[in-house]
Amino acid sequence: MVALVTGGAKGIGKEIVKTFVAAGYKVAFCYNSSEQHAFELCNQLNGNSELNCIAVKCDVRNFDNVKNFVQTAVDVFGRIDVIINNAGIADYSLLMDMDVKGWRNVMSTNLDSVFYVCNQCLPHMLENGGAIVNISSVWGIYGASCEVAYSTSKAGVIGLTKALAQEMGGSNIRVNCIAAGVINTDMNSCHSKETIEELIQRTPLNRLGEPKEIAETALFLASEKAKFITGQVVEVGGGFR
């Protein structure tokens with residue numbers, strides 16, 4: 001089984017890559033600026049002359065980059081069974097202060113990339129079926145002040161998930177979404193201690209989530225254990241509201 005993961009060098013993506021390799025998958029993941037982290041991860045997972053994963057430089061905002069990434073994965077591993085659309089960025093600003101370039105950067109990274117990857121991967125999945133897991137956010141459900149662009153992009157991922165599940169069900173391709181809560185990653189490290197504490201207080205389980213918890217949910221949704229689950233949004237957020 002072969003999984004393709006976007007944004008796999010750090011944070012949630014790194015844990016997804018490690019979790020899927022540990023479960024016996026071959027993994028092709030992409031990175032953009034985190035080359036050292038990507039190579040270190042590959043070196044860690046490719047032991048004893050066995051090729052368990054490959055890292056491909058890819059700007060997911062660029063359709064041609066994505067096309068090359070997908071083709072490289074197929075050339076190396078021969079097929080694609082699972083897609084994990086994880087790549088994403090945040091932007092913390094008032095909507096009235098945001099320029100068009102900033103808006104498009106968030107949309108291109110978080111939403112356009114999901115279209116690009118699915119568009120290129122699906123033809124390789126039609127024969128055998130498979131699973132797509134899109135990583136969204138609780139902000140895509142509830143919205144967040146000063147994160148309008150991010151919240152909008154993640155809501156778009158949820159809409160794409162539900163529609164694509166309807167479209168691909170007849171081809172035995174399941175499409176689900178994880179709405180991640182406040183996770184202990186670099187993306188959230190920019191927040192002040194006070195802000196993090198406020199977010200924890202909004203989380204009934206009274207803690208931040210860990211990347212491994214998102215990765216394990218993604219593995220479940222990709223597995224045969226979830227073979228009758230599609231078009232769903234699974235909140236992994238500790239009850240965040």
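So, let's start in helix H3, where Val66, Phe69, Val70, Ala73, Val74 and Phe77 are all buried. Why do they end up on the same side of H3? Because they cover an arc of only 130 degrees around the axis. If you're new to helices, the background is simple: an α-helix has 3.6 residues a turn, so residues three or four places apart point the same way. Keep in mind that we're looking at a predicted model.

Now turn to the face pointing away from that buried side: there you'll find Asp64 and Asp75, which are exposed.

What covers the buried residues of H3? The cover includes strands S1 (2-5), S2 (26-31) and S3 (53-57), plus helix H4 (100-125).

A quick word on the helix itself. H3 runs over residues 63-77, and its 15 residues reach 21 Å from the first C-alpha to the last, close to the expected 21 Å. At its start, a side-chain oxygen of Asn62 comes to within 2.9 Å of the backbone nitrogen of Asp64. Just past the other end, Gly78 has a positive phi of about 90 degrees.

Okay, zooming out. The largest nonpolar core has 33 residues, and Leu4, Ile80, Cys121, Leu122, Met125 and Ile132 have the most contacts inside it. H3 is one of the elements that supply at least two residues each, and helix H6 (148-168) and strand S6 (173-180) are also among them. The top contributor is H4, with seven residues.

Take Met125 as an example: leaving out residues up to four places away in sequence, its contacts include Ile80, Val82, Ile132 and Ile173. And apart from that core lies another, of 31 residues, including Ala3, Ile12, Leu41 and Ile84.

Key:
Residues numbered from 1 in each chain as written. Predicted model: local features only at pLDDT ≥ 70, side-chain atom pairs only at ≥ 80, totals over all residues. Heavy atoms only, no water. Helix = DSSP H or I, 4+ residues; strand = E, 2+ residues; numbered from the N terminus. Expected span 1.5 Å × (residues − 1). Buried < 20%, exposed > 50% of the residue type's maximum accessible area, 1.4 Å probe, protein only. Arc of directions from axis to C-beta. Contact = heavy atoms within 4.5 Å. Polar contact = N/O pair within 3.5 Å; in protein donor to acceptor, adjacent residues only side chain to side chain. Core = buried A, V, L, I, M, F, W, Y, C linked by side-chain atoms within 4.5 Å.
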